[in-house]
Amino acid sequence: MKIDFIMQNSRLAFCTAIKDRYNSLVITLPENIAKIPQDCCICVVDYASKSDAGERWILNTFAEEIRLGKLIVFRVTNEIDWSSPKAKNLAHRLVHSDYMVNLDCDNFISRLDVKVFLNIAVKKIPSHQCSSQFLGSYGRIGIPSDTFYAIGGYDEGMLPMGYQDVDLLTRASSYHGGHARLSWNDSPPPIDHDKPKLFAYARDDKFFEEINTLNMKRAMLRKEMSGIVIKDSFSSFRGRLNGRQCNIDGFGKLTPM
């Protein structure tokens with residue numbers, strides 16, 4: 001069967017990556033889908049969750065939104081360990097949009113948020129929207145697609161999580177000579193902000209702080225050695241795009257299986 005992998009172009013894409021966190025997405029995704037206009041989209045990457053129940057829930061619940069290009073879902077089927085940089089990069093690479101915003105699975109967006117990001121997209125500059133206390137919102141980084149690829153996206157050489165958002169924002173801001181600092185608008189706070197940072201690893205905050213420090217040192221050394229651009233950026237994956245088997249390579253080429 002011939003599979004059409006050509007994605008609809010969108011003015012704005014919200015990019016979400018998860019592993020075994022569909023309980024959060026079941027709460028936030030219906031709300032967020034309702035907030036975006038037809039010429040925007042949300043991309044969800046399931047980074048090899050233990051069960052495909054979440055993928056099946058999305059395919060069954062949002063069949064029309066997927067058909068219209070308003071929602072994209074990709075489930076990685078490789079046997080892989082969690083990596084926030086790799087998962088986030090994949091979610092960004094799967095959309096055809098001039099401007100992309102990382103959106104953690106426990107975060108809500110409002111119609112005002114969408115309007116603000118659309119206005120920023122026209123200016124073609126990076127942006128950062130988070131609450132004053134962060135509270136699980138720090139990763140909401142907006143970036144022009146051209147900038148994302150020019151600097152090589154998130155650093156996939158980092159440890160599974162910690163400092164990857166700071167690093168991306170710092171490099172994008174350096175590339176443009178600054179970024180827009182956006183106020184928190186009228187969306188509710190993230191629903192999982194009070195959970196331990198690495199609950200998936202059953203480790204305490206001290207463990208997270210150690211990882212964060214190591215990734216920060218890596219970013220500083222990398223910048224010293226090669227600047228802000230990561231040249232060997234992206235990984236390859238097997239998976240299902242909107243329920244259809246395919247491969248995506250490090251250059252973004254999608255191949256049906």
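Let's start with A48, which sits in the loop between β3 and α2 (53-61); helices (H or I, at least four residues) and strands (E, at least two) are DSSP runs, numbered from the N terminus. Before going on, please keep in mind that this is a predicted model, where local features need pLDDT of at least 70 and side-chain atom pairs count only at pLDDT 80 or more, while totals for chains, interfaces and linings use all residues. Residues are numbered from 1 along each chain as its sequence is written, and side-chain values use heavy atoms, with hydrogens and water left out.

Back to A48. Its phi is near 65 degrees, a positive value in a residue other than glycine. At 13% relative accessibility, A48 counts as buried, where buried means under 20% relative accessible area, exposed over 50% and partly exposed in between, with a 1.4 Å probe and protein chains only. There is another positive phi at K124, about 60 degrees, and K124 is not a glycine either. You will find K124 in the loop between α5 (111-123) and β7 (127-129). With 59% relative accessibility, K124 counts as exposed.

Now to the strand itself. How many of the seven residues of β3 are buried? Seven of the seven, so β3 is largely enclosed by the rest of the structure. In a regular strand, side chains alternate between the two faces of the sheet. Here C40, I42, V44 and D46 point one way from β3, while C41, C43 and V45 point the other way.

What about the neighbours? Strand β2 (residues 12-18) pairs with β3 in the parallel sense over seven bridges; for two strands to pair, DSSP has to find at least two bridges between them. A13 has C41 as its bridge partner in β3. Going from β2 to β3, the chain passes through helix α1 (residues 22-35), and this β-α-β crossover is right-handed: with the strands pointing away from the viewer, the path from the first strand over the helix to the second runs clockwise. β3 also pairs with β4 in the parallel sense, over five bridges, and there I42 has L71 as its bridge partner in β4.

Next, charges. Side chains of opposite charge can pair when their charged atoms come close. The structure holds 16 salt bridges, each being a side-chain nitrogen of Lys or Arg within 4 Å of a carboxyl oxygen of Asp or Glu. One of them joins R75 and D46, with the closest N and O atoms 3.2 Å apart. R75 lies in strand β4 (residues 71-76) and D46 in strand β3 (residues 40-46), so this pair ties together parts that are 29 residues apart in sequence. Both R75 and D46 are buried.

Another salt bridge brings together R218 and D155, at 2.8 Å from N to O. This one links distant parts of the chain, 63 residues apart: R218 is in helix α8 (residues 205-226) and D155 in the loop between α6 (145-151) and α7 (164-176). R218 is partly exposed at 35%, whereas D155 is buried at 2%.

On to the nonpolar side. The largest nonpolar core has 31 residues, of which V45, F74, L90, L94 and V95 touch the most other members; such a core is a set of buried Ala, Val, Leu, Ile, Met, Phe, Trp, Tyr and Cys residues joined through side-chain atoms within 4.5 Å. Apart from it lies another core, of 28 residues, with F14, Y22, L103 and I109 among them.
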